[in-house]
Amino acid sequence: MLVLTRKPNESIMIGDDVEVSVVEVKGDQVKLGITAPKSIKVHRKEIFLAIQKENIDASRPVIDRIGEIGGIFKKRK
Amino acid sequence: MKIKTKPYGELEVNEKQKIHFPDGLFGFEEVKQYFLLDSEEGPFYWLQSAEHPELAFVLIDPRVFKNNYTLSVGDDDYRAIDARKGEVIDFAIVTVPEDPEKISANLMGPIIINRKSRKARQAISENDEYTVKHYIMEEMKGRKEDLVETA
């Protein structure tokens with residue numbers, strides 16, 4: 001992993017068109033600004049991980065339970 | 001044609017049920033071909049892997065349990081499946097654990113499908129209020145109370 005030291009208002013370039021700049025440093029929080037083409041998705045890593053984990057849980061449905069909840073919907077209609 | 005499915009064993013399906021995810025789902029990037037099946041149970045659908053009979057996801061239209069649900073995904077997500085707003089159908093993936101009270105829908109990573117080409121994608125919601133776990137039974141209760149209040 002490449003580790004660089006930057007100060008507020010300084011930035012790094014990733015390739016030709018992605019710029020990551022340090023906007024503010026306050027205690028243990030770092031505010032980053034990211035400029036990237038629309039085709040590049042920028043998301044907090046924990047969102048990716050949360051969706052990935054939920055998909056893995058969802059890939060093992062307990063089939064018998066679906067009938068039970070399906071029945072409840074029918075009753076409510 | 002006949003395929004092997006997780007919920008119903010061997011099943012007759014047609015080409016129109018085929019859904020193509022060029023990028024797969026998060027955590028399942030390599031699995032790109034699915035079939036969308038009606039469920040015999042209530043408001044659910046199945047997203048059945050074409051190649052892996054054991055892999056299938058349960059889907060739901062979030063509007064069934066959530067008042068005022070609005071799909072909110074980025075332009076790039078629409079572009080990835082060559083669709084514009086209004087040209088997609090959308091679902092949430094449902095997690096079904098042992099406890100039926102804990103059946104939940106993932107509104108943070110909605111599935112969008114181009115109605116015409118059936119190219120599909122798991123997007124990331126731009127609405128921060130939507131999380132990976134919305135408990136369907138709980139939301140239904142809230143909804144029922146809403147209905148009583150307005151009646």
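In this predicted model, 44 residues of chain B are in contact with 28 residues of chain A. The two chains bury about 3100 Å² between them, and 68% of that area lies on carbon and sulfur atoms. On the chain B side, B:Phe26, B:Val96 and B:Ile124 supply 18% of the area buried against chain A, more than any other three residues. The size of an interface is often given in this way, as the accessible area lost when the parts come together.

Polar and charged links also cross the interface. Between chain B and chain A, five residue pairs are in polar contact, both residues being at pLDDT 80 or more. The rule finds one salt bridge across the interface. A salt bridge joins the side chains of B:Lys133 and A:Glu54, with 3.0 Å from N to O.

Several elements of chain B each supply at least two residues of the side that touches chain A, including strand E5 (44-49), helix H1 (75-80), strand E8 (104-114) and helix H2 (136-150). H2(B) gives the most to this side, with five residues. By type, the residues of the side of chain B that touches chain A divide into 24 nonpolar, seven polar and 13 charged.

Chain A has an open sheet of three strands in the order E1-E2-E3, with antiparallel pairing. Its edge strands, E1 (11-14) and E3 (29-35) of chain A, each pair on one side only. From one strand to the next, the twist averages 25 degrees. Strand E2 (residues 18-26) of chain A is joined to E3(A) by seven bridges, and the two run antiparallel. A:Lys26 has A:Gln29 in E3(A) as its bridge partner.

Notes:
Residues are numbered from 1 along each chain as its sequence is written. Chains are lettered from A and ligands numbered from 1 in the order in which they are written. This is a predicted model: local features need pLDDT of at least 70, side-chain atom pairs count only at pLDDT 80 or more; totals for chains, interfaces and linings use all residues. Side-chain values use heavy atoms; hydrogens and water are left out. Contact means heavy atoms within 4.5 Å. Buried area is the accessible area (1.4 Å probe) that two parts lose on being put together, summed over both. A salt bridge is a side-chain nitrogen of Lys or Arg within 4 Å of a carboxyl oxygen of Asp or Glu. A polar contact is a pair of N or O atoms within 3.5 Å; within protein, one must be able to donate a hydrogen and the other to accept it, and residues adjacent in sequence count only if both atoms are side-chain atoms. Helices (H or I, at least four residues) and strands (E, at least two) are DSSP runs, numbered from the N terminus. Ala, Val, Leu, Ile, Met, Phe, Trp, Tyr, Cys and Pro count as nonpolar, Asp, Glu, Lys and Arg as charged, and the others, Gly among them, as polar. Two strands pair if DSSP finds at least two bridges between them. Axes are lines fitted to C-alpha atoms, for helices over the stretch in contact, and angles run from 0 to 180 degrees between N-to-C directions.
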